Amino acid sequence: MYNLFIFLKKHGAVILFILLEVICLIMIVQSLPYHNRKMASVSNGISGNFLKTVSNWNDYLHLKRENETLAEQNALLLKRLGCDETESDMEYYDDVFTYVPAHVVNNSIYDVNNYIVIDKGRADGIEPDMGVICENGVVGKVVNVSSHFASVMSMLNTYSIISCRFVDNQYVANVVWDSKNYRYGLVKDIPSHLIINKGDTLVTSGFSNSFPADVPVGTIENGHDNDNEMFSTAKLKFTTNFSTLRHVFVVKNNYKSEIDSLCITN
Amino acid sequence: MYNKLIHNILRFILLLVLQLLVFDNLNFGSYIHLHIYVLFILLLPFDTPQWRLMIDGFLIGLAVDVFNGTPGLNAAATVFLAFMRPFIIGITTRKSDLEGKNEPSITEMGLSWFTVYGLLLILMHNLVLFWLEAFSIKLLGIIILETLLSSLVSLLTIILIIYLFKPVKK
């Protein structure tokens, strides 16, 4: 027993150091899969409300620009009402997807894996895997939900993969992020025979249940390197400006469970 | 003793609020992240035992983590900083230098000593932090660049903060 005390007195600091670091590492590793990552932040009432208060203060600084954005959006919606789009697939989309407006309360763009916290949660019908878009384009996917907040894995995340389509020729590719610059991403899995030009536009493919088709994602910034014989990669400029993000829409797919059940039975 | 405790608690809260409200929102590009809350550990008195340094580092790191949604990340880096602090003080000073000194502050130890002391510890803190954040060896180049740039800017900011709150008395 006495020896134990001597030992503790001599090496106590090292033992405590190892103990604390192990606790930290357990916390990090437990939260490593992106699904759990923001859990602590979002589900914690204190930090959620803290973020919300900070965001409320910030809002006053952005009121002018906010008004402009809302006016733009209003104009867009009015235009949509004005023209009579009686095409059947337009109705189909309105039927399938509903949009829940939400407010960004926390946003990061400079980390390796970036997340956004929005002020809508389970109480507003938000569930994990729902897509999030803004008036300019795709933002990300909901990964975690608490009763009044949700965390969104933005496209600026190394785990994020968004299925896209070239507007010009309908070829499908995947958009990922290389954690370097928040304005640019990478388009992967482009068939290497495809000739792509600067300025080619990419939109969502609509193959995932999270996003409607034809939401803008970005434009090609420069040419492509051949990864291998089959596929090549190109640099993409996002249409969404993640650094000024304030208003977003969560996309609810009303038939998601029905589509999913089909996939499972297959 | 009692005053000292209140003083430290206030400093803890002030640095935490500064970090969360100001420095987490300042964007200098993807390579520069300011972590000024480590100043709390840097300024604890010389006679603080190592275990207290580490517990305090754990607490302030965890507090930052809770609000940033990165459980354990800042805590791990700050515990490492607190663990290394006595060694760094050991290699940068002689026994006779420390006589009659309370705090490793600029007023007591001088700017040049504080710069070396601060830079070494902040480099270690940032290296652990960015490496754990990226969690891979693949990004080593980026991590080292991030560490160097962030440490220099953080140290500069920390020195500015010290002069802002504690003007040098003549």
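Let me start with one term: a residue is called buried when its relative accessible area is under 20%, exposed when over 50%, and partly exposed in between. Keep that in mind for the whole talk. One caution as well: this is a predicted model.

Arg52(B) and Asp56(B) form a salt bridge, with the closest N and O atoms 3.1 Å apart. Both residues belong to helix H3 of chain B, residues 50–68. They are four residues apart, about one turn of the helix. Is Asp56(B) buried or exposed? Asp56(B) has a relative accessibility of 12%, so Asp56(B) counts as buried. Arg52(B) is at 30%, so Arg52(B) counts as partly exposed.

Salt bridges that share partners also make a network here, which joins Lys4(B), Arg11(B) and Glu103(B). Take one link of it. Lys4(B) pairs with Glu103(B), and the closest N and O atoms are 3.8 Å apart. This pair links distant parts of the chain, 99 residues apart. Lys4(B) sits in helix H1 of chain B, residues 2–23. Glu103(B) sits in the loop between helix H4 (73–92) and helix H5 (106–109) of chain B. Glu103(B) is buried, at 7% relative accessible area. Lys4(B) is partly exposed, at 36%.

Now chain A. How many salt bridges are there over all chains? The count is four. One of them joins Asp214(A) to Arg165(A), with the closest N and O atoms 2.3 Å apart. Again the pair links distant parts of the chain, 49 residues apart. Asp214(A) is in the loop between strand S9 (201–204) and strand S10 (216–226) of chain A. Arg165(A) is in strand S6 of chain A, residues 162–166. Arg165(A) is buried, with 12% relative accessible area. Asp214(A) is partly exposed, with 46%.

Next, the strands of chain A. Strand S12 covers residues 247–253. Seven bridges join S12(A) to strand S1 of chain A, residues 97–107, and the two run antiparallel. In that pairing, Pro101(A) stands opposite Phe249(A). Strand S3 of chain A, residues 131–133, is joined to S12(A) too, by three bridges, and also runs antiparallel to S12(A). There, Gly131(A) has Val251(A) as its bridge partner.

A word on cysteines. A disulfide needs two cysteine sulfur atoms within 2.5 Å. The count over all chains is zero. Cys24(A) is buried, at 0% relative accessibility. Cys134(A) is buried too, at 7%.

Last topic: where the chains meet. In chain A, 28 residues are in contact with 30 residues of chain B. The two chains bury about 2700 Å² between them. Carbon and sulfur atoms hold 75% of that area.

What about charge and polar pairing across the interface? Between chain A and chain B there are zero salt bridges. One residue pair is in polar contact, counting pairs with both residues at pLDDT 80 or more. H1(A) gives the most, with eleven residues.

Methods. Residues numbered from 1 in each chain as written. Chains lettered and ligands numbered in written order. Predicted model: local features only at pLDDT ≥ 70, side-chain atom pairs only at ≥ 80, totals over all residues. Heavy atoms only, no water. Buried < 20%, exposed > 50% of the residue type's maximum accessible area, 1.4 Å probe, protein only. Pairing = 2+ DSSP bridges. Contact = heavy atoms within 4.5 Å. Buried area = accessible area lost by both parts, 1.4 Å probe. Salt bridge = Lys/Arg side-chain N within 4 Å of Asp/Glu carboxyl O. Polar contact = N/O pair within 3.5 Å; in protein donor to acceptor, adjacent residues only side chain to side chain.
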